[in-house]
Amino acid sequence: MNVQMQVCGLIILLLILYFYKRQDTVGLYTEALFRRALYTCMACLVLDILSVILIVNQDRLPGLLVRAECKMYLVSLVGTGYVALAYACADAFSLTKVSKFVKMIGAASAVAGIVIFLLPVNIFCEGRDVYTYGPACIATYIGAVVLLLATLFYTARSGNGMNPRRRRAIRIWMIIWLAAAVIQLMNSEILLVGFASALGIVVLFFELENPEANIDRKTGFFNARAFIDYVKHKYNSSEEVAGMLVSLDNAHSNDIRIEHMADIMAEVTELIRRIPETKRFKTDDREFTLVFDNSEQMERAYNMINQRFQREWLEDADDKTPVSLQPYYVLVPTGSVADDADEMLGFLRYFKAHCMDNPENHVNIIDENSVAKKKERDAMLATIVKAMEEDRVEVFFQPIYATHTKKFVSAEALVRIRREDGSIIPPGLFIPIAEETGLIVKLGERVFEKVCRFITKHTPEQYGVEYIEINLSVVQCEAKSLAKCYSDIMDKYKINPAFINLEITESASIVMRKTLLDNMKTLINYGVSFSLDDFGNGQSNLNYIVDMPVHIVKFDRDMTQAYFESEKARYVLQAATDMIQGLGLKVVAEGVETAEQLRELERLGIDYIQGYYFSKPIEADRYLEFLKVKNV
Ligand code: C2E
Ligand code: MG
Ligand code: MG
């Protein structure tokens, strides 16, 4: 009996079934389809073996039974073709659409099965040669070839919608199958088709369906890859999803010793293992993501771990400062704030980063409001990128008046984005986003370069301008390359560095201050001067002025305005002016809007005035016109 190949195939499938069953599966649609393919192939092989046994013993058996069994085997071949196609279609449509399409093909295959069963079949048995032929076999070949071609056509057509690994695996399966069918057709002694199906299942298993690939080895939870697949599956089946991200990556986690951190991770893992009604994913080093069927389950879980996990202890560090660790939580309730898996993960990650920016608030519940804000931010980000690509970033200049010489000796360069329709986006709307994403580095360079080009091209010194002030973001100062980059730009445009004054704001971090100071020193040696911007905006620190090598201090608009509104503020501004000038620095008052304000600040001895009273920030050519008229 030539059943060795089929028996081998069956053993392979039994092994795969064993390894598959030993592990947890995520609960995906594709997993169900894979199981179906596996069982169908096994059935096909069993029927194949059985048919050979029955044919060999046909003399002792009723002919009807032998033929019926042979036809069952033929029908199962079409069934295998159908499950392969159904599996190939898994990522293409939303679940409901897949079901419709697959159901249609299923119905067609079922009809083909009935037809095959009703058609006559002939049996050939001579020595080792055992096979069937006749109308039922021809119908089977036609059905199988149609399904096979449909699958190949489908994998070629589906484009990016299809998981490339799935496409590859299915194609390999189909090719093995086709080759087996051709060999079997040419040499009827070798019954290869059933074995080829088993090989196809092996390919699927190793390429895509090995549950081990979805499991995080340390915790035994599912991994990040499984998370994406699972959430995709949930959204595709229009099921409700609530997600919770638990992250131990907080402001203090780096201060905690590694062995402690390992203990903490083990403890949190154990706690998470005990949460009921959830799928658990380890999505990053110190991050777990839990997926629930509804918000209530999520809230229960949150209450459970949040109460249990708040730690504070003394580290063995010299100063014995208590280190506290509390996870960050990002909660995405059901109610479709996210439309798909990538968006859901995007939200979890984005809001995690935001949680970390604000250590006070370790829980972030994502509602429609915050989602709308994030979408707005994403849109603005795209606007900035596009404006930079299309050179719609512009620099406006706001003249600065020197009270001693009564001339406009300077200006502040202020960035604007021009929309495609010609309107202007003010920096308040995009600078914070550019800072958050790091885009400010490129944007700041662009502004700086534009100012340098303006100076070279229009030589504003001929109208009495002595220097231009340009804003530097705190984020830019963090980059060690800043000084080199700016001096290179000045070299390129042959700018006298004394014509450049860079405005910095206070930065809280000591580490950053070191880099900032290094940058400042290099640039000061090169010939550039610095201003301290936004003094008086609530976070000012007088020590900062003493410590930092700045030449000018700029009073914030609020501070200037407050001077005219409250007696206390008046004393503060007066005292600050005395102190700053006592240190040999100059003072700029920003936000001066009326003649009275100007007169009063002049009387007080403020060195420079900037404000709407003289001019709003204006385009370069208007600024030149302004200078020609005012600085005569
Ligand atoms: P800032 O550096 O403090 O700039 C002064 C802001 O006050 C400017 O707003 C200016 O138009 C406004 N201002 C000046 N005088 C008056 C006044 O009399 N009344 C009122 N109501 N406002 C006045 P703008 O141009 O909208 O810029 C806002 C902020 O955006 C700037 O504050 C600065 O922090 C940032 N910024 C602007 N351009 C750049 C840039 O190129 N790079 C960086 N990093 N930040 C920039
Ligand atoms: Mg400024
Ligand atoms: Mg300012």
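Student: What should I know before I look at it?

Tutor: It is a predicted model, in which local features need pLDDT of at least 70 and side-chain atom pairs count only at pLDDT 80 or more, while totals for chains, interfaces and linings use all residues. Residues are numbered from 1 along each chain as its sequence is written, chains are lettered from A and ligands numbered from 1 in the order in which they are written, and side-chain values use heavy atoms, with hydrogens and water left out.

Student: Let's start with ligand 1. How do you know which residues come nearest to it?

Tutor: A residue is near a molecule or strand if one of its heavy atoms lies within 4 Å of it. There are 22 residues around ligand 1, and Glu412, Asn471, Asp533, Glu593 and Tyr612 come nearest.

Student: Which elements supply at least two residues each to that shell?

Tutor: Strand E12 (407-418), helix H13 (427-437), helix H14 (440-458) and E16 do. The largest share, four residues, comes from E12. Those labels are DSSP runs numbered from the N terminus: helices are H or I with at least four residues, and strands are E with at least two.

Student: Which ions should I look at next, and how far apart are they?

Tutor: The magnesium ion (ligand 2) and the magnesium ion (ligand 3) are 3.8 Å apart, and Asp533 coordinates both.

Student: What makes a residue a donor of the magnesium ion (ligand 2)?

Tutor: Donors are N, O and S atoms within 2.8 Å of the metal (3.2 Å for Na, K and Ca); water is not among the atoms, so sites may look incomplete. Glu412 (OE), Asn471 (OD1), Glu503 (OE) and Asp533 (OD) lie 1.9 to 2.2 Å from the magnesium ion (ligand 2), so they qualify. Along the chain these donors follow the spacing E-x58-N-x31-E-x29-D. Distant parts of the chain are linked here: Glu412 in strand E12 and Asp533 in strand E16 are 121 residues apart.

Student: How do you know the protein donors of the magnesium ion (ligand 3)?

Tutor: Asp533 (OD), Asp534 (OD) and Glu590 (OE) lie 2.2 to 2.6 Å from the magnesium ion (ligand 3). Their spacing along the chain is D-D-x55-E. Again distant parts are linked, with Asp534 in strand E16 (residues 529-535) and Glu590 in strand E18 (residues 586-590), 56 residues apart.

Student: Why is Glu590 called buried?

Tutor: Buried means under 20% relative accessible area, exposed over 50%, and partly exposed in between (1.4 Å probe, protein chains only). Glu590 has 12%, so it counts as buried.

Student: And why is Asp534 called partly exposed?

Tutor: Its relative accessibility is 27%, so Asp534 falls in the middle class. The C-alpha atoms of Asp534 and Arg557, 23 residues apart along the chain, are separated by 7.9 Å.

Student: Is Thr289 buried or exposed, and how do you know?

Tutor: Thr289 has a relative accessible area of 0%, so it is buried. It lies in strand E6 (residues 287-292), and a polar contact of 2.6 Å joins its side chain to that of Thr283.

Student: What makes the phi of Lys406 stand out?

Tutor: Most residues other than glycine have a negative phi. Lys406 is not a glycine, yet its phi is positive, about 55 degrees. It is found in the loop between strand E11 (393-402) and E12. Thr459 is also not a glycine and has a positive phi of about 35 degrees; its place is in the loop between H14 and strand E14 (467-471).

Notes:
Polar contact = N/O pair within 3.5 Å; in protein donor to acceptor, adjacent residues only side chain to side chain.
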